[in-house]
Structures are given as C-alpha cells and as structure tokens.
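Here are a few exercises to work through with the structure open. Try each one yourself before you read the solution.

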Amino acid sequence: MQPRNMSMSGVVDLAAVKAAQEAKAKAEQARAEAARQGGGPGAVSPADLVIDVDEAGFENDVLQRSTEVPVVIDFWAEWCEPCKQLSPVLERLAVEYNGRFLLAKVDVDANQMLMQQFGIQGIPAVFAVVAGQALPLFQGAAGEAQIRQTLDQLVQVAEQRFGLTGLTVDPDAEPGGGPAAAETAPAGPYDALLEAAVRALDSGDLAGAVQAYKNVLSEDPGHPEAKLGLSQAELLQRVQGLDPQQVRRDAADRPGDAQAQIAAADLDLVGGHVEDAFGRLIDTIRRTAGDERDTVRVRLLELFEVVGTDDPRVASSRRALARALF
C-alpha cells in the first residue's frame, strides 16, 4: 500500500531546532512511566527496533507506528556500496538509542513505489516519519557524528512538539512477541497514598487528591499511576466552579482566544466529548501564534495523557496536530 498524506510541504527544518538535553531526559522518564503503567504499547525486544518494511506493510509499520515513536526510514539496495557502510551504523544506533526511534529498512529495488512517493533521486537516503509527517534527514554518506546530531534533533522534535516518548525496550522480551511473562509485582511503596487519593476523588475532595498524588510524585517523579491520577484530578479541579454556559459563550464569541478555548476543551473532555476537545484545541493552534499557540499545544498534550496515548482518537489527533503545526 502506498503511503498516504505524506506531503513534503510540511517538512521540519531539523537544523533549526536547538539541542536540548532536558528533552532527552524527559523522554527516558516518560518511556519508563509508559512501561509501568501498562496501558500503552507493550515492551519490545532490542531486535524489534530494526524492521524490514515493504509497500504492503508501510501504513501499519511506519505511519501508524509514527504516532507512538519517530520512525527513521533507511532506503537502501544490495548493490549500493555506501548503503553497506551507512546501514550498519543506523542499526547499531537504533539499539543504542534504546527505543527513542524505530529504524525501518526499505529495499528500493523491491519497493519502487515507496521510492517514488518520497521523491528519492539516489541512495542511501534517510527520512523520518513523525505523527504521520515525513521529514527528510540526509542523503548519501554521512559521518556518525552528523547522524547522531540529526537523531538527537529528531528525538527532541518528536518529544517536545508531539509528546512522542518512544518505545519501552525490555531485554527479556521475546522478539516480535512483546515482553516475556513476569511474576506478579509486589505491592508498591506508595499504595497507601494512592488509595488515599482515590478515596479523596470519590468523596469530591479534589484538592486532597491532588496533594496525595503530588506526595507520591515528590518521592518518585516518574510514577505512572500518580502522574495520570494527578492530570485527571487537576482537570476536574480546573472545571470545578465554572459556569458551562458562560464558558461556551466565551469560546463561541472569541474563537482566537487561547484561554477561552482551553477552558471549553476542558469541559468537552470532562463531558466525554473527546474528539470535540481535541478538535477545538487543534483549530485554536491554527489560529494562534507564539506563546499563545504553545500554551494551547501543551494543554492538548496534557489532554492526550488524560485520555491515554493508546487511544485511537489520540493517534489521529496527533496527526492533525502535526498538520496544524507544519
């Protein structure tokens, strides 16, 4: 199947993105959270970080996976001598980066349509796909230092702009089959605090729930259940006391007002109108710029976390976000 919606008009200038070591640290933490939470994609083995892709599997193996992790595409051929030098480097770095990106290898001799779709004039050629959007990385031979710099920038773009924190890698996972069977985990050290947070939520004590989750996170900043619970409790706290009719009127009267639209999106989500909430914020991103636009983008990513990153509505909205940003 041919790749769809791969317009190159949305290319990101990776060279213009500043390096940020903090983003890489956050990505590591978020991957650990996803692994412990158990609601997102399962862990993969190191062998699953490099895959062969053809035209038939491109949509599932690249486009769909790009809503979870940046996918780097290595276009190569058996007769290409520079490819024989570049491909092993990319494969080694895919394992070294430990799930920050997935490497998809495409044999151009067997997949001419993909080569044409990406407008490739010569190989080796390396692209990335992030949230369904194609990004050209480099063509021809490249040194390892240059490759690392480009990959670091790619990881940063994916994490900061789209909240894509990569795959969880488990050395004990069976290749292609997810994580190996594990014994039941013992009770965690924060169970009492988490139970207190749940009781506070059930009783309507949102401030108490927020504080209980923060108490867990002060000791374990990466605790997945506490982080998810805090985002949900804070959402409920934000909408508590709002006049829904006034919020709706403000949002209708001021379509370009970031704060008005954010408040309405919070109400949409609490009311179960997930797609309305996401669509509202994506439309607002298209209408705004600068700090206001970034504020809306950050809230959208927060709402993605509340719903769950494995929800198909989140995946489709990530692609819409990519189109709005680029």
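**Exercise 1.** Find what the side chain of S317 reaches, and then describe the surroundings of S317.

*Solution.* Step 1: the side chain of S317 reaches the backbone oxygen of R313 at 2.8 Å. That's a polar contact (a pair of N or O atoms within 3.5 Å; within protein, one must be able to donate a hydrogen and the other to accept it, and residues adjacent in sequence count only if both atoms are side-chain atoms).

Step 1: S317 sits in helix α13, residues 312-325. Helices (H or I, at least four residues) and strands (E, at least two) are DSSP runs, numbered from the N terminus.

Step 2: leave aside the neighbours within four places in sequence, and S317 is in contact with F278, I282 and F304; contact means heavy atoms within 4.5 Å.

Step 3: is S317 buried or exposed? Its relative accessible area is 8%, so S317 is buried. (Buried means under 20% relative accessible area, exposed over 50%, partly exposed in between, with a 1.4 Å probe and protein chains only.)

Before you go on: this is a predicted model, where local features need pLDDT of at least 70 and side-chain atom pairs count only at pLDDT 80 or more, while totals for chains, interfaces and linings use all residues. Residues are numbered from 1 along each chain as its sequence is written, and side-chain values use heavy atoms, with hydrogens and water left out.

**Exercise 2.** In what order do the strands of the open sheet come, and which are at the edges?

*Solution.* Step 1: five strands form the open sheet in the order β1-β3-β2-β4-β5, with mixed pairing. Two strands pair if DSSP finds at least two bridges between them.

Step 1: β1 (50-52) and β5 are the edge strands, each pairing on one side only.

Step 2: β1 and β3 run parallel, joined by three bridges. V50 has L103 in β3 as its bridge partner.
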